[in-house]
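Good morning, everyone. I would like to walk through one model with you, taking a helix and a sheet in turn.

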Amino acid sequence: MFRRPIAERPDWQQRAHEFGFHFHTMYGERYWDESAYYQFSLQQIERDLETPTEDIHAMCLEVVDKVVNDEELLRRFAIPASQWEVVRHSWLQREPSLYSRLDFAYDGQSPAKLYENNADTPTSLYETGFWQWLWLEDQADKGLLPRQADQFNSLQEKLVQRFRQLLELQRQQDASPILHVSCCKDTAEDRGTVQYLQDCASEAGIDTRFVFIEDVGRDAEGRLTDLDDHIIEWWFKLYPWEFMVREPYAPLIADSGVRFLEPAWKSVLSNKALLPLLWQMFPNHPNLLPAYFEDQLEQVPNDTALVKKPIYSREGANISLLSERGETEFSSGPYGEEGFVYQQAHMLPKFGPFHTLIGSWLINDQAAGISIREDNGPITQDLSRFLPHIILG
């Protein structure tokens, strides 16, 4: 695994505008960075990333099965009691999933270590599935990359295929074939992600309608509706379940008849409480880091450095390091009231001065590609740069 410099395409910003990549630069900071790329061997991809991704995903599903049937664990996961039956029913009905992303620390030599499971609202989908592939084709056409260079990236193909499967499931169950898609207002990256998913759904033959989360309403019968008073029956919402269940319309969810993407059982997978439970159920797994609930800290050797993570946390917020020197805050944010978990410190590898995180994507249960984010600091946050990758050798 190498980080290699490369000449940027002189017209890449113009092409980004043409292809709708409007968030390549955010708040004056470059988000997309093609001044370098990461190079992997095929063995590194298949042995160290693809296979562990699918294995850990299967392990995570075992955790869901355990949690939904245990009220004490549902409390540990800070899921409101009013939503326990929604989550349990969602899992028992095996409501279908679309996608998720596992985040790994990986240096190209040692086993990849799971940081967390972004199973509910992962972003950076467009730049992974489409934009970095376009970069590879352009650079190969210019002779800056060898023709045999490949990419671990079947994300777009698998997304379209999965949407076709989901549409067929809707038809088999005489359910609405119209998919509403949503994100919050004033979030360029989220809007780009949702637009990309709309394009993939349309390619699969699905009729989509967009509505901002803030504009979702309800009719006289308590059914969720869009601004045109169309009833929402099938809904992709780029909006976390832990926020959804605290909305004024949360009591309506159980009886709404809405089929959600992602389903309610994803509130277990996208929860940091997953980490200590994984470690309990699969101790010493080579791709896991020891992790603990707050009341298990007496089990931790005194000289062990720990990363403290809120049970609910996004974009690297509210992360701190506990060591013999005390607590060092890495990032601030609005999370923490729901409690914390503690994961053995395993810092991101550095390539030059940059800390590098691998995001490994799944479409349903299949590994589908990787994204790479790097930052000058040890925590990957919303503005951390996205770099492309290739497979060679």
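How many residues has helix α6, and how far does it reach from its first C-alpha to its last? Before I answer, please note that this is a predicted model, in which local features need pLDDT of at least 70 and side-chain atom pairs count only at pLDDT 80 or more, while totals for chains, interfaces and linings use all residues. Residues are numbered from 1 along each chain as its sequence is written, and side-chain values use heavy atoms, with hydrogens and water left out.

Helix α6, residues 155-172, has 18 residues and reaches 26 Å, close to the 26 Å expected at 1.5 Å a residue, where the expected span is 1.5 Å times one less than the number of residues. Helices here are DSSP runs of H or I with at least four residues, strands are runs of E with at least two, and both are numbered from the N terminus. After α6 comes Asp174, with a positive phi near 50°.

Turning to the sheet, it is open, with four strands in the order β8-β7-β11-β12 and parallel pairing, where two strands pair if DSSP finds at least two bridges between them. Its edge strands are β8 (207-210) and β12 (259-261), each of which pairs on one side only. Strand β11, residues 234-237, is joined to β12 by three bridges, and Trp235 has Phe260 as its bridge partner in β12.

Finally, α6 lies across β7 (178-182), β11 and β12, at about 150° to β11, with contact meaning heavy atoms within 4.5 Å and angles running from 0 to 180 degrees between N-to-C directions of axes fitted to C-alpha atoms, for helices over the stretch in contact.
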